[in-house]
Amino acid sequence: MKKAVLGTAAVATLLAVLFAPEDEGSIVGPATATPRQVERVAVAPLAAATAAAPAHRALAIEPRRGLDDEEAATLFAKQSWQPETPKKIMLDQQAAQAALPAARADTNAPPPLPFQFLGRFVDEGKAAYFLQAGERNVVARPGDTLEERYRFDGVVQGSLQFTYLPLNLKQTLAVGDLN
């Protein structure tokens, strides 16, 4: 029985080779159109387009235009959604910031607080506040002197209150809700 199955398979393979198409293994050949079909296809869309819109000119292929020097220079430039700030406004802001320390020195105002609020800790009813001064972390309790120029007075209406000791002026650091 094995010989019969092998013989049948060999015959089927031989018949498939003999009757296979001869155009490089493709089963379906390329589509061809008769000249009459080509003429009908090429003329029909053009005639329909000119009849539907006689005022419009036919679609034409135009040669590719080159980039001018300005477009070529900005082809890979940095793009941003932010509007460009004019240089004049930036220069005015820089001048105002440069004049600010001079005005501050004239009015004997204290410098801005060097502290940032990090958090608070309550132990046995006494609150301690964690502050950051530059790179250092500081624990402050009411009455403490910080950095030899500030005294921490306590909390007033949700803000930490400090006294700048050289001028004896009060400053506050808004921290929001302290719950």
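Read along the sequence, the protein chain follows the pattern α-α-α-α-β-β-β-β-β-β-β, with four helices and seven strands in the chain. Helices (H or I, at least four residues) and strands (E, at least two) are DSSP runs, numbered from the N terminus. The structure is a predicted model, in which local features need pLDDT of at least 70 and side-chain atom pairs count only at pLDDT 80 or more, while totals for chains, interfaces and linings use all residues. Residues are numbered from 1 along each chain as its sequence is written, and side-chain values use heavy atoms, with hydrogens and water left out.

Of the 179 residues of the protein chain, 14% are buried, where buried denotes under 20% relative accessible area, exposed over 50%, and partly exposed in between (1.4 Å probe, protein chains only). The accessible surface of the chain comes to about 15600 Å², and 59% of that surface belongs to carbon and sulfur atoms; accessible areas come from the Shrake-Rupley method with a 1.4 Å probe, and for residues only the protein chains shown count as cover. Among contacts (heavy atoms within 4.5 Å) between residues at least 6 apart in sequence, 25% join residues at least 24 apart.

Strands of a sheet pair through backbone hydrogen bonds, either parallel or antiparallel. Here, two strands are taken to pair if DSSP finds at least two bridges between them. An open sheet of three strands has the order β1-β2-β3, and its pairing is antiparallel. Its edge strands, each pairing on one side only, are β1 (115-123) and β3 (136-140). From one strand to the next, the twist averages 20°; axes are lines fitted to C-alpha atoms, for helices over the stretch in contact, and angles run from 0 to 180 degrees between N-to-C directions. Eight bridges link β1 with strand β2 (residues 126-133) in the antiparallel sense. Phe121 has Ala128, in β2, as its bridge partner.

A further open sheet, of four strands, has the order β4-β5-β6-β7, again with antiparallel pairing. The strands β4 (145-146) and β7 (169-174) form its edges, and each pairs on one side only. Strand β6 (residues 159-164) runs antiparallel to β7, and six bridges join the two. Tyr164 stands opposite Leu169 in β7.

The loop between β6 and β7 contains Pro166. This residue, Pro166, is exposed, as its relative accessible area is 53%. Pro166 lies 56 residues from Pro110 in sequence, and the two are 8.5 Å apart in space, C-alpha to C-alpha.
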